[in-house]
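Me: Got a model open here and a few quick things to ask. Can you take a look?
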Amino acid sequence: MIKEKWWKKSVVYQIYPRSFCDSNGDGIGDINGIRSKLWYLKELGIDIIWLSPVYSSPNADNGYDISDYCGISPEYGTMDEMKALIDECENCGIKIMMDLVVNHTSDEHPWFIEAKQSKDNPYREYYIWRKGEKGNPPNQLESCFGGSAWEYSEETKEYYLHFFHKKQPDLNWENQAVRKEVWKIMNYWIDMGIGGFRMDVIDMIGKVPDKEIKENGPRLHEYLQEMNRETFGEKNLVTVGECWGADIEKGRLYSDPERKELDMIFQFEQMLLDQVPGKSKWDLKPLELKQLKQVFAKWQDALEGKGWNSLFWNNHDLPRIVSRWGNDKEYRVESAKMLATILHGMKGTPYIYQGEEIGMTNCPLLSVEDLADVESRNMYYERKQMGYKEEDIMNSISTKARDNARTPMQWNDGYEAGFTEGTPWYRVNPNYMEINAKKALEDKDSIFYYYKELIYLRKKEPILIYGNFKLLYPEDKSVFAYIREWDYKKWLIVCNFYGNPTDFMYPAKGQVILSNYKQEPVILLENISLRPYEAIICELIET
């Protein structure tokens, strides 16, 4: 029996507020800027906005270091404007998914300001403190941003744990008082009328630092089940957890509805395939299509009837997919549509990152001065110190840096791409004259309208929501093809992943539903030549 959930037929659009739209000319995107573009999101057809953090923050990590969970950062606006955004979205049939960042706070959060004062402060146990070993950190745990995960605090002569920036101390989830504070924060936003939560690095809240366990600690699922009970469990909301360390088994634990934890997770197995195994994301290797197909198929099969997949290529932490695995030059439009077809044709909830729907590309990053992100800058100086060549460092950064996702949204070909009337906080990609939303809206064959059609199909066709998935030709090195089957219907999704023509065959005729090239209404699939980056969705007519 199928359990109807509104979010299973929804499409999510992630907004990175700082870079989306600036309404007041200060160079920083804001809440009123988002409100001014709701017409655009309604035109696209999305159902949910995942809103990256707009809470009060000193911005050591662009808002993922929070100093007040129930306050809005003045650079983004006011709480009244936030309430207006929620209400206006509701009127447009769009729900807001708030970014919940509760693995850590800012070191400027009142809890931490208190906690560092003395060892007997009531807030001391809100965080994780340890004595050093002969002037050294307590153990070898490393920060995700490089260096030790332990920072010495002069006030009490102890170290505190931070798995990210030193200004992002980790919360101590073993302390029940911390968990109760988090439930209060979540219920505050639920009462405000939001539609759900995206949970930042939620697989880290069960950490056991003394055993050097960073992710998927022994009490993690206990905490998530308690969260479910105390906050969203009986509400009709959507929840997704960011879980970099998740495998198939863990994915089922998180998203099996019987366990009452989360609706789905972001697992990143497919996004790690172009890095050297066992190395960091900066150590590059070419993507192998066979591996990509294998990973997607594995997750599709494993969660069938036991959970739910999130489908994504991009987010604020990842480079632009058309530059990464497509062709952002002569076949930018075709390859962007092809990549969208692969993703939106599968079973799960698709996520679109701002600008993906117009084919925004990676930005030229030529020197360390071009970098705004703390992770990229730390990596640059760390590798310089280790003796890496400048050219190799900048090649890795240009390919994988989070900066690529954070350049301002390209609205038109006017001043600063229509993002701001002032000086943007981060430089606009110089290709905005060619790639922008205004131009996309004026061209009925644009990437934008292709995404709009994919979103429409998901609402109209139950086969895309509920249909079984079957991978075809897993050994084929050029074609990504699979079947979706539901209620006597069978759809074929076939995509040429590369820029060279290639042959494909399947013993049937196909009624074309959508393609990124002009097609005859019915095509014979027994022997077709796929053009560069060609993508076809068709309903099979058996021969």
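Predicted model: local features only at pLDDT ≥ 70, side-chain atom pairs only at ≥ 80, totals over all residues.

Me: What volume does the largest pocket have?
Reply: About 1200 Å³.

Me: How many residues line it, and which lie nearest its centre?
Reply: The largest pocket has 43 lining residues, and Cys144, Trp244, Ser280, Lys281 and Glu375 lie nearest the centre.

Me: Which helix gives the largest share of that lining?
Reply: Helix α11, residues 374-385, with five residues.

Me: And how does the lining divide into nonpolar, polar and charged?
Reply: Into 16 nonpolar, 11 polar and 16 charged residues.

Me: Switching to α12. Which of its residues are buried?
Reply: In α12 (residues 390-400), the buried ones are Ile393, Met394, Ser396, Ile397 and Lys400. They sit on the same side of the helix, because their arc around the axis is only 155°.

Me: What covers them?
Reply: The cover includes α9 (321-324), α11 and α13 (403-406).

Me: Now the backbone. What's up with phi of Ala417?
Reply: Phi of Ala417 is positive, near 60°, and the residue is not a glycine. Most residues other than glycine have a negative phi. Ala417 is in the loop between α13 and α14 (437-442).

Me: Buried or exposed, that Ala417?
Reply: Ala417 is buried, because its relative accessibility is 0%, and the cut-off for buried is under 20%.

Me: And Tyr488, where is that?
Reply: Tyr488 is in the loop between β15 (479-486) and β16 (489-496). Tyr488 also has a positive phi, about 70°. With a relative accessible area of 87%, Tyr488 is exposed.

Conventions. Residues numbered from 1 in each chain as written. Heavy atoms only, no water. 1 Å grid on protein atoms, 1.4 Å probe; cavity = no way out; pocket = protein on both sides within 12 Å on 5 of 7 lines; lining within 4 Å. Points joined across faces, edges and corners; volume = space filled by probe spheres on them. Helix = DSSP H or I, 4+ residues; strand = E, 2+ residues; numbered from the N terminus. Nonpolar A, V, L, I, M, F, W, Y, C, P; charged D, E, K, R; others polar. Buried < 20%, exposed > 50% of the residue type's maximum accessible area, 1.4 Å probe, protein only. Arc of directions from axis to C-beta. Contact = heavy atoms within 4.5 Å.
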